[in-house]
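Here is a set of questions and answers on one protein chain.

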Amino acid sequence: MNSAGPKTDSTKSSSRLSDISRVAGRNRITPYNSAMGNTPREWIDGSSVRLDRKDPYLRLQSVTVYVRDLEQSLGFYLDQLGFKLIFDARIQPNRRFVTVAPPDGTANLTLVAPDPGSEQVKLIGRPAPVTFVTEDVLAKYREWTERGVRFQFAPRLKRLKYGVHVRAPQSADLSAHNEEHAPIWGGVFTRFRDLDGNSFSLVSFDEVTHALEAQRRTIAEKLEFERRLAQEMEIAKQVQAQLFPQTLPPLRTLEYAGTCIQARKVGGDYYDFLGLGQERLGFVIGDISGKGIAAALLMANLQANLRSQCAMALDQPQRFLRSVNQLFCENTPNGSFATLFFAEYDDNAGRLRYANCGHLPALLLRSDNTLERLESTATVLGVFREWDCTIGECQLRTGDTLALYTDGITESYDAEQEEFGEGRLVEALRRNCGLSPQCLMDSIVAEVQKFSPQEQHDDITLIIAKHRGN
């Protein structure tokens with residue numbers, strides 16, 4: 001492909017691929033596709049890359065076809081044969097080569113216009129040692145004929161026997177066990193020419209046709225499975241959304257709001273507001289181990305346990321949580337657990353009683369801007385059947401702000417892998433403490449999402465409560 005004779009420095013410099021461009025009027029440059037494999041199925045899907053690297057990757061890059069006019073030949077291969085443009089480059093000011101590939105992209109043809117008088121000119125118009133395979137030669141024959149492609153003869157059917165005999169499959173007839181049959185290998189053949197008379201074979205084999213049909217069935221089954229899975233996930237999302245509180249029981253002295261923004265369709269974060277009677281309200285926030293469907297199922301189980309047992313939380317919060325832990329242990333697999341923060345607020349007394357079961361500390365920002373952290377009072381739920389907790393207590397006064405949250409907030413990270421952290425959360429609370437709970441919650445979530453604009457990796461759950469006085 002290089003010109004004869006010595007090269008000057010300027011020629012060497014210009015021989016670099018300095019002008020890779022699209023053909024005028026054709027915006028069809030596409031990347032290289034996967035390589036061919038060893039079996040009919042691999043011929044089709046190109047899955048020949050070995051992860052263990054023991055069998056180094058190897059593929060046919062291209063076969064050179066000599067033509068007289070690159071631009072005219074390119075039009076033939078792209079417009080009449082429906083090939084794709086892979087590469088178009090000038091390696092010297094007056095030297096250009098173009099690579100095209102059939103639609104599946106498993107092999108390439110490099111089109112080269114040789115210098116007049118060179119030996120390569122003699123190769124133009126000769127039978128090319130190239131065979132194209134299709135699942136239906138007759139269909140391709142009709143399609144290309146209508147586009148003006150010249151065929152040397154109409155497609156012909158050939159049936160050949162393998163040279164190697166194989167033993168017949170077992171049958172009820174014992175005499176058949178020792179019989180050997182030569183299986184028939186069938187195909188349809190024809191040849192076509194390009195504009196310069198270069199001729200190529202076009203064939204179809206039974207094995208390729210059968211493999212294509214099998215792959216189509218596999219792809220159709222996969223697409224149907226994915227469609228059904230997406231539909232079921234959407235239903236699961238709608239069901240889980242109904243597990244979060246749909247109403248906010250009214251309180252005289254406390255205004256509050258909560259949200260959960262899931263990283264996936266469904267997740268394991270949980271928050272709830274439990275009406276306990278006698279002007280008392282339960283605040284719940286939790287984080288289930290794991291992610292996705294498994295965590296969502298455990299979340300639903302925990303929610304059911306909490307709501308079914310919350311009647312005893314009014315007078316016996318420790319017994320209530322022991323019962324929740326026991327049910328969670330009985331109904332979940334080994335290794336599953338949940339962190340939980342439960343708080344019971346007395347609207348008359350302004351008193352908050354709480355149990356922090358291995359969860360992140362709640363933040364209580366006082367009206368004088370001081371901060372209290374409501375730390376753990378028990379281990380996580382679901383690990384120990386023999387389990388107990390301690391109940392903490394604090395008084396809320398006018399202007400105090402309570403924040404309950406999950407690690408989806410504090411462990412969100414930026415491009416430098418720095419976490420949002422508790423410090424930024426406290427700063428956001430102080431900076432926006434004059435806002436209503438709903439607006440304060442929205443501003444914090446927006447700040448977290450701005451800090452971590454990439455794909456969300458964990459559920460973001462937050463409860464804000466603010467004492468507004470009597």
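Q: Over how many bridges do β17 and β20 pair, and in which sense?
A: This is a predicted model. Leu364 stands opposite Leu402 in β20. The pairing of β17 with β20 is antiparallel, and the number of bridges is 3.

Q: Which residue is the bridge partner of Tyr405 in β21?
A: β20 also pairs with β21. That pairing is antiparallel and covers 5 bridges. Within it, the partner of Tyr405 in β21 is Leu462.

Q: Why is β20 largely enclosed by the rest of the structure?
A: Start with the directions of its residues. Leu402 and Leu404 point one way from β20, and Thr401, Ala403 and Tyr405 point the other way. Buried here means under 20% relative accessible area. β20 is largely enclosed because the count of its buried residues is 5 of 5.

Q: What is the strand order of the open sheet that holds β12 and β18?
A: This sheet has 5 strands with antiparallel pairing. β12 (254–261) and β18 (371–374) each have a single partner strand, so one side of each lacks a neighbour in the sheet. The twist from one strand to the next averages 15°. The order is β12-β21-β20-β17-β18.

Q: Which residue of β21 is the bridge partner of Glu255?
A: β12 and β21 (residues 460–467) run antiparallel. They are joined by 8 bridges. In β21, Glu255 is partnered by Lys466.

Q: Which helix packs on this sheet and touches β17, β18, β20 and β21?
A: The helix covers residues 421–431. Its direction makes about 35° with that of β17 (362–365). The helix is α9.

Q: What is the bridge partner of Ile288 in β15?
A: β14 (residues 280–288) pairs with β15 (residues 338–346). The sense is antiparallel, over 9 bridges. In β15, the residue bridged to Ile288 is Ala338.

Q: At roughly what angle do the axes of α6 and α7 cross?
A: Two packed helices are described by the angle and the distance between their axes. The axes of α6 (residues 292–309) and α7 (residues 317–331) come within 9 Å. The crossing is right-handed. The angle is roughly 145°.

Q: How many nonpolar, polar and charged residues form the contact of α6 with α7?
A: From α6, the contact includes Leu298, Leu302 and Leu306, along with Asn301. From α7, it includes Phe320, Val324, Leu327 and Phe328, along with Ser323. The division is 7 nonpolar, 5 polar and no charged.

Q: What percentage of the residues of the protein chain count as buried?
A: The chain has 10 helices and 21 strands. Residues 24 or more positions apart make 68% of its contacts with a separation of 6 or more. Its accessible surface is about 25,300 Å², with 51% belonging to carbon and sulfur atoms. Of the 470 residues, the buried share is 45%.

How values were computed
Residues numbered from 1 in each chain as written. Predicted model: local features only at pLDDT ≥ 70, side-chain atom pairs only at ≥ 80, totals over all residues. Heavy atoms only, no water. Axes fitted to C-alpha atoms, helices over the stretch in contact; angles between N-to-C directions. Helix = DSSP H or I, 4+ residues; strand = E, 2+ residues; numbered from the N terminus. Left-handed = near helix turned anticlockwise from the far one by under 90°. Contact = heavy atoms within 4.5 Å. Nonpolar A, V, L, I, M, F, W, Y, C, P; charged D, E, K, R; others polar. Buried < 20%, exposed > 50% of the residue type's maximum accessible area, 1.4 Å probe, protein only. Areas by Shrake-Rupley, 256 points an atom, 1.4 Å probe, with all protein chains shown as cover. Pairing = 2+ DSSP bridges.
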